[in-house]
Amino acid sequence: MGPADAVSSPGSHPRLRTGFGVWVRDLMISLGISAFIIIFLYQPVKVEGTSMMPSLEDQERIFVNKFVYRLEPIERGDVVVFRYPRDPSKSYIKRVIGMEGDRIRIDGGQVYVNGEALDEDYVPPAYTDARSYPDTEVAPHCYFVLGDHRSMSNDSRDFGPVNQSYIYGKAVFGYWPMDKLGRVR
């Protein structure tokens, strides 16, 4: 055993430790970035229920953008996720139909916004219902939301407009099942 053995043996261990240390560092950075994205930007959620069919189906997995409404306003047609006004521990997902100041009326299932019939191509004829709702003005900082499966939805017709403070995200992308992969419309 010469000096070469003494030099090569200690030299191989630091490489192992360095390789492992790099791997642990990269793993920690990846976990930190993932946590930041999930906590502040995009949250994966599972749709539970049929109130948004056919746009979103029961057990479908989607990403919700939790940051978008800090940069842009909520718009009519957005599919939003919000805390249920009657039990804030539950979350609901619905489509925005009316915004603050809008006059909403539903006559035999036909939705009118500010006196004009709303064209709702996302609601197939089989999913409509004949419910009516009296002419109502949406209060400031509130939104009138409806499920796309009107005959199976608990929405603003039942619990009233949703305050903006309860809305925490916009459904943006479906990722499971694979045939539903893509933007939420």
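This is a predicted model: local features need pLDDT of at least 70, side-chain atom pairs count only at pLDDT 80 or more; totals for chains, interfaces and linings use all residues.
**A note on the pocket and the aromatic rings**

1. A pocket here is an open set of points on a 1 Å grid over the protein atoms alone, where a 1.4 Å probe fits, with protein on both sides within 12 Å along at least five of seven lines.

2. Residues are numbered from 1 along each chain as its sequence is written, and side-chain values use heavy atoms, leaving out hydrogens and water.

3. Which residues lie nearest the centre of the largest pocket? They are Val47, Glu48, Ser91, Tyr92 and Ile93, out of 16 lining residues (those with an atom within 4 Å of a point). Strand β4 (a DSSP run of E, at least two residues) gives the most to this lining, with four residues.

4. Now to the rings: there are seven aromatic pairs (Phe, Tyr or Trp ring centres within 6.5 Å; planes under 30 degrees apart are stacked, over 60 edge-to-face, the rest tilted). Phe82 and Phe159 have ring centres 6.2 Å apart and planes at 55°, so their pair is tilted. Both residues are buried (under 20% relative accessible area, 1.4 Å probe, protein chains only).

5. Phe159 also pairs edge-to-face with Tyr92, at 6.1 Å centre to centre and 75° between the planes. Ring pairs link Phe82, Tyr84, Tyr92 and Phe159 into a cluster.

How values were computed: Rings of Phe, Tyr and Trp (its six-membered ring) pair if their centres lie within 6.5 Å; planes under 30 degrees apart count as stacked, over 60 as edge-to-face and the rest as tilted. Buried means under 20% relative accessible area, exposed over 50%, partly exposed in between (1.4 Å probe, protein chains only).
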